[in-house]
Amino acid sequence: MIPLSWYIIFAGLLFCVGLYGALARRNALAILIAIEIMLNAVNINLVAFWRYITPEKVSGQAFALIVFAVAASEAAVGLALIISLYRKRRTVAVEEIDMLKW
Amino acid sequence: MTLYQIAFLVAAFLTLIAALMTVSSPSMVHSALWLILTLGGIAVLFLLLNAGFLAVVQVAVYIDAIAIMIIIVVMLTQGAVRQQLRQVSRTWWGAAVAAILLFVSLLVIFVQSPQLASTAPTLVPSQETILKDLGQSLVDVNRYILPFEIASVLLLAALIGSIIVAWPIRRPGQEEGER
């Protein structure tokens, strides 16, 4: 069988790849994509802990489902914001979005 | 090396490569397509973890809805992407250092907890029992009904909010229905 440590290390690596993408990219869409990757890495950990430590309770899977719902709503609102921003400013680069700066 | 381990290694390797291409590809369309491969690899990992329902939800919610929506928005904002040449910010090396530091510290914490490394998979109940239990736990008053209901309200709020935010701007003097 697959050891639990493989899943944990893989999820850690995936989370760090997502973190790099969220911090380094200039495009607001690319940042949203990187955040989706990070959420997925967390989900893998939740399901792996459910499978290996408490398989008799479904808490890990239920939590992962809630994370799915939050990720879906976050993507919907984020993409709507990007579309609205593109209409107003003709840009999706995050450093040019400074309307809240004073 | 069992068949399951080989399947895990192949899926994990492909997912990591796809994730790296997602965050580093200069073209946003390619980036979104690599994201689909990443999400598919994660669905395979859910299958290996005996979470078949979550694998189906992963394909239906992430690949079907979120990834397609991202591709549509990429196409809608294509003009801005073509103008800007650089995709990464000037301080991208700082982001890389932060990511590597986080991974090293995670690894240190992981090595210090040996009970995690030696955990063997316990016997899992059958797939139907898990699914039944999962469905009942989401509507059981003593278990997860509160997060479940809050998630449904959150989805409704996100639905209305994204419609309002993405509504076309009306400039003064512009006729109704004209864009």
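**Figure 1. Chain B against chain A, where about 7,200 Å² gets buried.** This is a predicted model, so take every value here as computed from it. Of the area buried between chain B and chain A, carbon and sulfur atoms give 77%. In residue terms, 86 residues of chain B are in contact with 72 residues of chain A. Polar links do turn up: 6 residue pairs are in polar contact between the two chains, counting pairs with both residues at pLDDT 80 or more. Salt bridges between chain B and chain A, on the other hand, come to 0.

**Figure 2. The side of chain B that touches chain A, element by element.** Helices H1 (3-24), H2 (28-48), H3 (52-76), H4 (78-83), H5 (92-112), H6 (114-117), H7 (127-139) and H8 (145-165) of chain B each give two or more residues to this side. Sort the residues here by type and you get 64 nonpolar, 18 polar and 4 charged.

**Figure 3. Zooming in on A:Arg25, in a loop of chain A.** Look between helix H1 (4-24) and helix H2 (28-52) of chain A, and you'll find A:Arg25 in the loop there. A:Arg25 has a relative accessible area of 4%, so this arginine counts as buried, the cut-off being under 20%. Its side chain reaches across to chain B, coming to 3.4 Å from the backbone oxygen of B:Thr22.

**Figure 4. Chain B by itself, with 8 helices and 0 strands.** Follow chain B along the sequence and the pattern reads α-α-α-α-α-α-α-α. Chain B has 179 residues, and 34% of them count as buried. As for how the chain packs on itself, take the contacts between residues at least 6 apart in sequence: 44% of these join residues at least 24 apart. Chain B exposes about 11,100 Å², with carbon and sulfur atoms supplying 73% of that area.

**Figure 5. B:Arg143 and B:Asp133 meet in a salt bridge.** Search the whole structure, over all chains, and 1 salt bridge comes up. Here the side chains of B:Arg143 and B:Asp133 meet at 3.3 Å, N to O. B:Arg143 sits in the loop between H7 and H8 of chain B and B:Asp133 in helix H7, so the pair ties together parts that are 10 residues apart in sequence. Side chains of opposite charge can pair when their charged atoms come close. B:Arg143 has a relative accessible area of 33%, so this residue counts as partly exposed.

**Figure 6. B:Gln136, in helix H7 of chain B.** Now pair B:Gln136 with B:Gln78: they are 58 residues apart in sequence, and 45 Å lies between their C-alpha atoms.

**Figure 7. B:Phe13, in helix H1 of chain B.** With a relative accessible area of 56%, B:Phe13 is exposed, since the cut-off for that class is over 50%. B:Gly41 is 28 residues away from B:Phe13 along the chain, and their C-alpha atoms are separated by 9.0 Å.

Note on methods. Residues are numbered from 1 along each chain as its sequence is written. Chains are lettered from A and ligands numbered from 1 in the order in which they are written. This is a predicted model: local features need pLDDT of at least 70, side-chain atom pairs count only at pLDDT 80 or more; totals for chains, interfaces and linings use all residues. Side-chain values use heavy atoms; hydrogens and water are left out. Helices (H or I, at least four residues) and strands (E, at least two) are DSSP runs, numbered from the N terminus. Buried means under 20% relative accessible area, exposed over 50%, partly exposed in between (1.4 Å probe, protein chains only). A polar contact is a pair of N or O atoms within 3.5 Å; within protein, one must be able to donate a hydrogen and the other to accept it, and residues adjacent in sequence count only if both atoms are side-chain atoms. Contact means heavy atoms within 4.5 Å. Buried area is the accessible area (1.4 Å probe) that two parts lose on being put together, summed over both. A salt bridge is a side-chain nitrogen of Lys or Arg within 4 Å of a carboxyl oxygen of Asp or Glu. Ala, Val, Leu, Ile, Met, Phe, Trp, Tyr, Cys and Pro count as nonpolar, Asp, Glu, Lys and Arg as charged, and the others, Gly among them, as polar. Accessible areas come from the Shrake-Rupley method with a 1.4 Å probe; for residues, only the protein chains shown count as cover.
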